[in-house]
Amino acid sequence: MELLGRARERAAIDELFARARDGRGGALVLRGAAGVGRSALLAYAAKSAAGLCVVRADGVASEAALPYAGVQQLLLSLETGGPSLEELLDRLPGLQREALEGVLGLREAAAHGRMLMGMAVLNLLAEAAETRPIALLVDDAQWLDEESATMLAFVARRSRGEALAVVLAVRLDRADQPFAPFDGLDDLYVGGLDSTAAHALVATAAGVSVPEWVAGRLFTETGGNPLALLQLTDNLDSDRLTGRASLPDALPIGSYLEQSLLAAARALPPMSLDVLVVAAADPTGDEPLVRRAAEALGLDGDRLVDAERAGLLRRGDKLGFPHQLLRSALLAHVDADVRRRAHRALAEATDPVVDPDRRAWHRAAGAPGEDEEIAGELAASAERAQRRGGLSTAAAFLRRAAEMSVDPCRRAGRFLDAAQAALAAGSLDTGDALVERAEREPCTEADIEARARLVRGVTLMMRGEGTDAAAVLASAGDALAPRHPRRARWTYLIALQALLHAGRHAPTGAVQELLGAFALLPEPPADSPPHVAHLILKAYAAREAGDDKAAAGFFREAVTVLPADKAGPEVEAALYAAVELWDDRAQDTLSAQHLRTTRTLGGLPVLPLALTARGQAELLAGRLAEAEALYDSVRELSAITGNPGIIGTVPPGEVTVAALRGDADQAARLAAEVQRHAAAHRLGTLADAVSHALALADIGAGRYPQALDHLRFALDASHSFVATEALPDLAEAAARSGEPELAARAAHRLDSLTQASGTSYGLGMAAKTRAVLSEAADAPDTRTDELYRTAIDRLRETRATIALARTHLLYGEWLRRQRRKQESRARLRAALRLFDSLGMAVFAARARAELEATGEHLRREHTALETLTSQEERIARLAAEGVSNPAIAEQLYVSRRTVESHLTRVYAKLGVSSRTELARVMPH
């Protein structure tokens, strides 16, 4: 039937396809209630995609438990007329190729994170679109497995730079109903037809002349829902449709769609209905499989023809239903014994070698009660799903395995296993519910109780509830301590991390109490490998005892012994250690490792922390554009998961970037967002990070008293890595605000920490701070001069480019006040060059004003670099540093093709033709 009305929706689809043909695609989400015509719009899209390769997939509720089932549908139907799927896979970087081949069954699957999988699919589609632009159409996306939905959201958000149009149809009952994976994408809420189109639809379906008053009544009763209109038209006789007889007083519209579809199915002969139920229970649409299962039940598989003639089933390459409501309605309303028999028959008809997971699922659906053998099969399926990176699928299998388990303690353990898998997938509500299921089991094993506390504490931590999480985790550590000291250390470490994030909101004495419980644990065996959690806890215990030297020793050992492929809380804790040590090199190495392993292994809740940590390392080096790209990914993950977590939707580093660039309004707006999240979740360290960022803007503008107000937390905050970083700025702001005692306290604390660590970055910052205090106290010129030179020499050995530039500025300002103009100009020029190259407008303006005060005349010159967009600048800088296109793509979460097209525009704007020339014109 011709699509009637829908001018707005058709125009949006046509515009999207036009952009894709020009290589500037995009994504569109069609949201609407059941029967409203989303599938009809996708059919229109398929017909109007002239010149595009149409790739389709359908979400199926019963497929939602199978990892990457949607990805498999899409990729296996990809046929552009160009390279084959195997050839496209060969073009991908190694890890991406391995991940996709594992999902497609072309190799043994290994655990890979969803973001890595998203990169793999994006790159493969971008390569395929080089031959012919692609229209990727997905119906009933709300029923996709969680892994495929996350991957599609990832691809959709990056489709604007590709010859790729993504149209996703989602069943949602309200216009304002959210659907987390696709939040933030362009969308249209598809409502009912207008009255004119509704009248035309009724008349076309009825095949008779329908008076306007009859069509108007049907339109009013159905709200213009096309499927409801068609079903009512089919069930009203011609006299009522033509107005010769009156319509019923009440048209049953509530569950009418579902009931009318069921009525049509129940009108089939009993055997035909039973065969249709078997087809509904099989989500693959495999007709030979359905026939084998039907025949095993003593049914005639040829009865599928009856359902086809009744318009209830489509037959072709695969069996399909005209509307997914019919499939779900059949399975929901058929007798439970009939449904279970259908699943048992499908299990027997499914090859246990080729498809063991689907067979296990059917066996469980067909079982009348608990069955340990089936539970074991489901647990094995969960393990296979985890190896493929299907964490939410593994959670579903484990939950079903728990429900099928006979022993209550084994059942509780499997519920907890399922909860852990759900948490790793980012499904916190599911994890909570599964922990509650475990706690309700009549099992008194101490280990089960301890595990339940641990999982609940981790859930609270992932939600950003640091204070509450710490208490639960500490109790879990106490319960584990007698029998599992190594696991207890690991648990205490996570509890300490929660307290560090809580900061000023942590209960008084909580850190000391936690470290006291840790001290009661036995020392690890002398011949055991170094345990990072143990070393970190020892370091903080030494810091608590006032022994900075011992603390630095433990921190240094933790950083040194951490394996290069390690992932998880130990790496994050080692990053804290690197900050406490003022070890910029370790911070760079560990943040890159943390991000790499998290991207590879998955764990969506942990990825924002890894991205933020890497962003801080980039900020230290003055790479504002690169840090900004990482923070953009944090925002995206928050939209995909619907969980802001510890970091929130706005990473505090974004405030720092805006402050350094001189965008005061943007910094204030972002800071307010972060502070709201920090206050709501009692995250003191997050609030402190924002205060430090705002202080940087004030320091850059010379507003030292205002900066000091932001920075007073740095001496009050105990066990805070943010406070450690803020100490030099606190000392500078206090010295310039006429508070020498406060400045001296900050400098003394900084000296104690940096002397213990002995790193160039730490010693350089301490020397710079002593120089500022020296000039404020009118110390001898030789002393101040020596301290500034020492600071610059030390900082030149580090990645701390911003700190080096700021030290040049301070030294140059002091030299000007000493009337040493020539020396002053050299330092101020060095500072200005760095500030300009880094995009630090607020500090650059100060350096420029100081230079002009020396009598030097400056003219602001606009360069071609200022014509680059933020993304072009990021890519250009990385390319100038020698990073390969695939590596740039992986770092910025875009396709290789996007990198190439951006570089082409960069070359044109800057008038260069090679990376060598690019490296010469890009500022360092």
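Student: What makes helix H3 oblique to helix H7?

Tutor: The axes of H3 (residues 69–76) and H7 (residues 146–157) cross at roughly 55° and come within 6 Å. Axes are lines fitted to C-alpha atoms, for helices over the stretch in contact, with angles from 0 to 180 degrees between N-to-C directions. Under 35 degrees counts as roughly parallel, over 145 as roughly antiparallel, 65 to 115 as roughly perpendicular, and the rest as oblique. Therefore H3 is oblique to H7. Please keep in mind that this is a predicted model, where local features need pLDDT of at least 70 and side-chain atom pairs pLDDT 80 or more, while totals for chains, interfaces and linings use all residues. Residues are numbered from 1 along each chain as its sequence is written, and side-chain values use heavy atoms, leaving out hydrogens and water.

Student: Which residues of H3 and H7 meet?

Tutor: Ala69, Gly70, Val71 and Leu74 in H3 meet Ser148, Met151 and Leu152 in H7; contact means heavy atoms within 4.5 Å. The residues of this contact divide into five nonpolar, two polar and no charged. Ala, Val, Leu, Ile, Met, Phe, Trp, Tyr, Cys and Pro count as nonpolar, Asp, Glu, Lys and Arg as charged, and the others, Gly among them, as polar.

Student: Why is helix H33 said to be largely enclosed by the rest of the structure?

Tutor: Buried means under 20% relative accessible area, exposed over 50%, and partly exposed in between, with a 1.4 Å probe and protein chains only. Nine of the nine residues of H33 (residues 652–660) are buried, so H33 is largely enclosed.

Student: Which helices do the buried residues of H33 pack against?

Tutor: Among them are H31, H32, helix H34 (664–681) and helix H35 (684–700). Just after H33, glycine 662 takes a positive phi of about 85°.

Student: Is aspartate 140 buried or exposed?

Tutor: Aspartate 140 has 8% relative accessibility, so aspartate 140 counts as buried. This residue lies in the loop between strand E3 (134–139) and H7. Aspartate 140 has a positive phi of about 50° although it is not a glycine.

Student: Why is arginine 682 called partly exposed?

Tutor: Because its relative accessible area is 32%, arginine 682 is partly exposed. Arginine 682 is found in the loop between H34 and H35, and has a positive phi of about 55° although it is not a glycine.

Terms used. Helix = DSSP H or I, 4+ residues; strand = E, 2+ residues; numbered from the N terminus.
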